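Work through the exercises below with the sequence and the model side by side. Try each task before you read its solution.

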Amino acid sequence: MIKTIIFGGTFDPVHNGHIGMASDLINSGIAEEIIFLPTWSPPHKTNLKITLFQHRFKMLKLATKDLKNCIVSDFELQEKQEPSYSINTIYKLKKKYPAKKLYFLMGLDSLHELHTWYKADIFIKENDFIIFNRPGLSFPSVTLLTRQFSEESAKKLLSSVVKITEYPISSTEIRQKLALKKKISTLLPISVLNYIKTNKLYLESTT
């Protein structure tokens, strides 16, 4: 089976950190393939204004056109789940891609909040993960995780941690700089920046 990482996110907008990490995961052999999965309606961002899916999808296509073994999926556009719970999405993806061994990619920030996710215990038990480090965050101990999950789940999560290059870039930072008309050409692919300018996106600051 093909070892495939599901790289989900709002990608609002996609930036060089996303692209660099995907490239590192492929080149290091951690993954054979990556499926970028822009979310339709992220449950943890219901209070934020999210850019139209079509724009986020097109920017991802532009940003990844030269990446090997990478796919940009419009799966959540077709499903239009409200909200897009990860456990439901990956269950359907497993049925869609039976020849792929799917791993859910998660940042350390998400690991710290995982206990608040919809059906988190079942999600951990029934799926495989790749968890990456994030700047300024430390990995929780087994003791801490066992307060939230079973010992088996805690050990499973911590055994899924990989160390890759840290990219201290955030989509929030980019949106804020765009609204203030600050220079961001080093933070995202030029094709994405041109798309943003052409379509007049992120003219107002969002958090």
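The exercises cover the sheet, the salt bridges, the aromatic rings and one tyrosine.

This is a predicted model, in which local features need pLDDT of at least 70 and side-chain atom pairs count only at pLDDT 80 or more, while totals for chains, interfaces and linings use all residues. Residues are numbered from 1 along each chain as its sequence is written, and side-chain values use heavy atoms, with hydrogens and water left out.

**Exercise 1. Salt bridges**

Task: how many salt bridges does a search of the whole structure find? Then describe the pairs Glu33 and Lys100, Glu151 and Lys155, and Asp66 and Lys65.

Solution. 
- The search finds five salt bridges. Each is a side-chain nitrogen of Lys or Arg within 4 Å of a carboxyl oxygen of Asp or Glu.
- Among them is Glu33 with Lys100, at 2.9 Å from N to O.
- This pair links distant parts of the chain. Glu33 is in strand E2 (residues 33-38) and Lys100 in strand E4 (residues 100-107), 67 residues apart.
- Check the burial. Buried means under 20% relative accessible area, exposed over 50%, and partly exposed in between (1.4 Å probe, protein chains only).
- Glu33 has 11%, so Glu33 is buried. Lys100 has 16%, so Lys100 is buried too.
- Turn to Glu151 and Lys155. Their closest N and O atoms are 3.0 Å apart.
- Both lie in helix H8 (residues 151-158), four residues apart, about one turn of the helix.
- Glu151 is partly exposed at 48%, and Lys155 is partly exposed at 46%.
- Finish with Asp66 and Lys65, whose side chains meet at 3.3 Å, N to O. Both residues are exposed.

**Exercise 2. Aromatic rings**

Task: are the rings of Tyr85 and Tyr118 stacked or tilted?

Solution. 
- Set the rule. Rings of Phe, Tyr and Trp (its six-membered ring) pair if their centres lie within 6.5 Å; planes under 30 degrees apart count as stacked, over 60 as edge-to-face and the rest as tilted.
- The whole structure holds 11 aromatic pairs.
- Trp40 sits in the loop between E2 and helix H2 (53-63), and Phe53 in helix H2, 13 residues apart.
- Trp40 is partly exposed at 24%, whereas Phe53 is buried at 3%.
- For Tyr85 and Tyr118, the centres are 4.2 Å apart and the planes at 25°, so the pair is stacked.
- Tyr85 is in the loop between H3 and H4, and Tyr118 in the loop between helix H5 (108-113) and helix H6 (120-126), so the pair ties together parts 33 residues apart in sequence.
- Both are partly exposed: Tyr85 at 27%, Tyr118 at 37%.
- One aromatic cluster is formed by Phe104, Trp117, Phe123 and Phe129.

**Exercise 3. Tyr202**

Task: where is Tyr202, and is Tyr202 buried or exposed?

Solution. 
- Tyr202 is in the segment after helix H10 (190-198).
- Its relative accessibility is 9%, so Tyr202 counts as buried.
- Leaving aside neighbours within four places in sequence, the contacts of Tyr202 include Asp12, Pro13, Met59 and Arg175.
- Tyr202 and Lys65 are 137 residues apart in sequence and 23 Å apart in space, C-alpha to C-alpha.

Terms used:
Helices (H or I, at least four residues) and strands (E, at least two) are DSSP runs, numbered from the N terminus. Contact means heavy atoms within 4.5 Å.
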